[in-house]
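Dear colleague,

Please find below the structure that I promised to pass on to you.

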Amino acid sequence: MHDASGPVSSAPEEGRSAFVRAGLLSEVALGLVGWGLGAWRGIDWGAQLRWTPEVALWGSLAGVVLVGLHLVLLRPGGPRNPLYRAIYRPLVRTLRPHLRGVGTPGLFLLALASGMGEEVLFRGWLQAETGLVGASLLFGAAHVWGRDAVPYGLYAAAMGGLLGGLLIVTGSLWAPVLAHTLNNLLGFLALREGWFAPSVEAPAPDGDG
């Protein structure tokens, strides 16, 4: 008798692998686009990617601040927290199903690729073209995938402002890359494990569309 459990059980794993591959490819593509356009516009990437211990310290501290901001804004009250409902729950609904079962190495690669690709594009190139405000607004808009994600897009725009300011202060793209990577890594882990709001699968409270 044929055992159908093999193909059925492997399907979710294949879906997760496809999600990781698609995420890596898209983030690498963003970075290459930003790199190419920046080079065409005369950006000195060697100077932009200057690495010093001070840059590493600034990037690490900023990453801790971003993660702390998540905890302060989103954790208290869990699903009854209005900031959680507006900002975090749409992200849970959209992204968490794809991250369940993804191993930590896969999450690290996604975080690193998104940190590098998006920072090269938005801070490395676009900030030089449109300024801090313009690049931050475009960064926020890139994180809106539907009407319910508009609050998250505004939140991302504020984060983009912090990351852009970090580039201005340090003069090195590595600082926002490091901060962005740390933020995304812990964010992916939190989404996978449900750390920020324990009852993420709980029904919405009465009165919450």
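A pocket, on a 1 Å grid over the protein atoms alone, is an open set of points with protein on both sides within 12 Å along at least five of seven lines, and its lining residues have an atom within 4 Å of a point. This is a predicted model, in which local features need pLDDT of at least 70 and side-chain atom pairs count only at pLDDT 80 or more, whereas totals for chains, interfaces and linings use all residues. Residues are numbered from 1 along each chain as its sequence is written, and side-chain values use heavy atoms, with hydrogens and water left out.

The second largest pocket holds about 210 Å³ of space, where a volume is the space filled by probe spheres set on grid points that are joined across faces, edges and corners. Its lining has 13 residues, and those nearest the centre are G31, L32, M116, G117 and V120. Helix α5 contributes the most to this lining, with 6 residues; helices here are DSSP runs (H or I, at least four residues) numbered from the N terminus.

The largest pocket has a volume of about 830 Å³. Among the 37 residues that line it, L91, L95, H143, Y152 and F188 are the closest to its centre. By class, this lining comprises 24 nonpolar, 11 polar and 2 charged residues, where Ala, Val, Leu, Ile, Met, Phe, Trp, Tyr, Cys and Pro count as nonpolar, Asp, Glu, Lys and Arg as charged, and the others, Gly among them, as polar.

Helices α4 (residues 82-99) and α6 (residues 150-170) have axes that come within 7 Å and cross at roughly 105°, the axes being lines fitted to C-alpha atoms over the stretch in contact, with angles from 0 to 180 degrees between N-to-C directions. α4 is therefore roughly perpendicular to α6, a term that covers angles of 65 to 115 degrees. A86, I87 and L91 of α4 meet P151, Y152 and Y155 of α6 in this contact, which means heavy atoms within 4.5 Å. The residues of the contact are 6 nonpolar, no polar and no charged.

Finally, the structure holds 5 aromatic pairs, that is, rings of Phe, Tyr and Trp (its six-membered ring) whose centres lie within 6.5 Å. One of them joins W51 and W174, at 5.9 Å centre to centre and 85° between the planes, and is edge-to-face, the word for planes over 60 degrees apart. This pair links distant parts of the chain, since W51 lies in the loop between α2 (45-48) and α3 and W174 in helix α7, 123 residues apart.

With kind regards

Notes:
Helices (H or I, at least four residues) and strands (E, at least two) are DSSP runs, numbered from the N terminus. Angles under 35 degrees count as roughly parallel, over 145 as roughly antiparallel, 65 to 115 as roughly perpendicular and the rest as oblique. On a 1 Å grid over the protein atoms alone, a cavity is a set of points where a 1.4 Å probe fits but cannot get out, and a pocket is an open set with protein on both sides within 12 Å along at least five of seven lines; lining residues have an atom within 4 Å of a point. Rings of Phe, Tyr and Trp (its six-membered ring) pair if their centres lie within 6.5 Å; planes under 30 degrees apart count as stacked, over 60 as edge-to-face and the rest as tilted.
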